[in-house]
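This report is written for a reader who meets the structure here for the first time. It takes up the two chains in turn, and then the places where their parts touch.

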Amino acid sequence: MYYIHAIQSMNNSDVFKQEDIHQKLVEVSENPTLVTPDFKTYIAPTALRRLSPILRMGITLAKEVQAAVDQPFDAISVGTGLGCLTDTEKFLNVIYTVEGDVLSPTAFIQSTHNTIAGQISLDLGNHSYNMTHTQNNLSFEMALIDGMLCCEEGSKNVLVGAADESIEFLNKLKPSVFDSETLFTTSATFLAISADKMESSIAILACKTIANAAEISVETNAFLAAFGLSLEQINCFVLNTNELETPANSEVFHIDDQLGFNQSSSAFAVHVAHDFLKSSTKEFALIVNRSSNNYLGLILLKNDKTHN
Amino acid sequence: MSELKENLKAQIIEQLNLEDLTPSDIKNEAPLFGDEGLGLDSIDALEFIVLLDVNYGIKISDPSDAREIFHSIDSLASFIESQK
């Protein structure tokens with residue numbers, strides 16, 4: 001098991017540095033606005049001026065999580081579905097509009113692949129392993145699996161997270177690229193995990209990604225059966241699909257009601273499930289992350305507080 | 001020359017995202033780089049090269065000249081004038 005020692009999120013709900021966020025969720029509005037702290041209290045002005053929202057969120061959340069665990073990270077693993085869109089759009093606009101032989105370096109540097117984990121490492125002064133995973137809406141799951149493997153290899157304190165930002169151009173791509181009626185939003189969640197229990201009682205039991213998952217119920221039951229569990233034993237579901245029939249006595253959170261369309265939503269789903277379990281005596285929570293291209297992500301959380 | 005300097009200040013603020021500054025905050029003779037001035041760094045120097053190319057059609061042919069040219073608003077303006 002991989003214990004969650006600290007977790008923080010930022011999105012269109014007021015969740016940053018809040019507890020029991022499962023009780024504070026707000027439905028996504030027609031004009032979702034990112035709720036942020038004053039980034040200047042976390043990031044030096046000289047660095048802040050270059051950072052787009054996705055990087056500001058990532059660095060701020062990473063610093064808050066590191067402060068909570070009070071030790072540097074042995075590894076940093078981040079997922080993002082679409083990456084640094086603000087900088088990518090800016091860079092592409094410069095290519096098409098500016099006449100000249102040279103292009104602005106900042107937008108190029110920050111539209112490249114490993115920007116998020118790399119910038120977090122730079123800002124924290126962390127020289128250990130860092131990686132940014134990009135796998136559509138399963139990017140967080142991939143980053144989490146990487147983080148869990150780092151724990152298996154001996155890392156004691158691993159930062160795992162996911163971040164995605166919305167730009168107006170995304171709405172022009174619907175429905176040809178994104179088969180979604182919901183709004184695009186900006187969201188990020190970061191957590192510190194470790195194989196050591198310490199004071200934490202909420203653990204990630206397993207994370208699985210499945211391509212071409214035809215029947216959610218079949219895949220989910222098979223995933224749970226590996227731990228001797230069935231759907232009826234899951235106390236809390238955080239999901240983005242109506243395809244799975246959940247038990248009548250379970251707590252159900254539809255994450256897209258809060259986040260709209262965001263390819264890092266499963267990371268925030270972990271935060272919701274974490275806070276639900278932490279504030280209760282319930283034992284299991286399941287995150288079900290389904291996408292229109294038949295990808296399926298499953299993350300199982302256990303409350304170790306009262307059920308050893 | 002004073003109009004050129006004011007334009008340069010506005011362009012630098014926009015290009016380098018110095019959103020907390022106004023042109024009047026940048027002194028003509030003050031160093032742009034290092035702790036004593038605006039605190040700009042090597043990436044900003046690259047942005048200056050782009051700014052000169054795009055806005056004034058000037059290329060820095062010898063990078064070793066950049067330190068002197070980019071020292072202050074005064075030195076930047078003098079260099080641009082000398083290239084006309």
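## Chain B

Chain B has four helices and zero strands, and when the chain is read along its sequence, these follow the pattern α-α-α-α. The radius of gyration of chain B is 12 Å, close to the 12 Å that the globule rule gives for 84 residues, so chain B is as compact as a globular protein of that length. Taken along the principal axes, the C-alpha atoms of chain B fill a box of roughly 30 × 25 × 20 Å. As with everything described in this report, these values come from a predicted model.

## Chain A as a whole

In chain A, the secondary structure comes to ten helices and ten strands. The C-alpha trace of chain A spans about 65 × 45 × 35 Å along its principal axes. Its radius of gyration is 19 Å, which agrees with the value near 19 Å that a compact globule of 308 residues would have.

## The two domains of chain A

The domain assignment divides chain A into domain 1, covering residues 2–194, and domain 2, covering residues 202–303. The contact between them takes 47 residues from domain 1 of chain A and 37 residues from domain 2 of chain A, while the C-alpha centres of the two domains lie 22 Å apart. Domain 1 and domain 2 of chain A bury about 3500 Å² between them, and 62% of that area is on carbon and sulfur atoms. On the side of domain 1, the residues that lose the most area to domain 2 are Ile4(A), His22(A) and Asn137(A), which together account for 18% of what that side buries.

Which kinds of polar pairing are found between domain 1 and domain 2 of chain A? The count of salt bridges between these two domains is zero, whereas 18 residue pairs are in polar contact across their interface, with both residues of each pair at pLDDT 80 or more. The elements of domain 1 that give two or more residues to the side touching domain 2 are β1 (2–10), α6 (139–152), β4 (158–164) and β5 (187–194) of chain A. By class, that side of domain 1 has 23 nonpolar, 18 polar and six charged residues.

## Where chain A meets chain B

The contact between the two chains takes 16 residues from chain A and 18 residues from chain B. Chain A and chain B bury about 1300 Å² between them, with 47% of it on carbon and sulfur atoms. Of the area that chain A buries against chain B, 44% is supplied by Arg49(A), Arg50(A) and Val102(A), more than by any other three residues.

Between chain A and chain B there are seven residue pairs in polar contact, counting pairs in which both residues are at pLDDT 80 or more. Helix α4 (residues 105–109) of chain A gives three residues to the side that touches chain B, the largest share of that side. The residues on this side of chain A divide into five nonpolar, four polar and seven charged.

## Salt bridges between the chains

Side chains of opposite charge can pair when their charged atoms come close. Over all chains the count comes to eleven salt bridges, and between chain A and chain B the count is three.

Which residues of chain B form salt bridges with Arg50(A)? One of them is Asp41(B), whose closest N and O atoms with Arg50(A) are 2.5 Å apart. This pair crosses between chains, running from Asp41(B), in the loop between α1 (2–15) and α2 (42–56) of chain B, to Arg50(A), in the loop between α1 (45–48) and α2 (53–69) of chain A. The side chain of Arg50(A) also meets that of Asp44(B) in a salt bridge, at 3.0 Å from N to O.

Terms used: Residues are numbered from 1 along each chain as its sequence is written. Chains are lettered from A and ligands numbered from 1 in the order in which they are written. This is a predicted model: local features need pLDDT of at least 70, side-chain atom pairs count only at pLDDT 80 or more; totals for chains, interfaces and linings use all residues. Side-chain values use heavy atoms; hydrogens and water are left out. Domain bounds come from an automatic or database domain assignment. Contact means heavy atoms within 4.5 Å. Buried area is the accessible area (1.4 Å probe) that two parts lose on being put together, summed over both. A salt bridge is a side-chain nitrogen of Lys or Arg within 4 Å of a carboxyl oxygen of Asp or Glu. A polar contact is a pair of N or O atoms within 3.5 Å; within protein, one must be able to donate a hydrogen and the other to accept it, and residues adjacent in sequence count only if both atoms are side-chain atoms. Ala, Val, Leu, Ile, Met, Phe, Trp, Tyr, Cys and Pro count as nonpolar, Asp, Glu, Lys and Arg as charged, and the others, Gly among them, as polar. The radius of gyration is taken over C-alpha atoms; the globule rule is 2.2 Å times the number of residues to the power 0.38.
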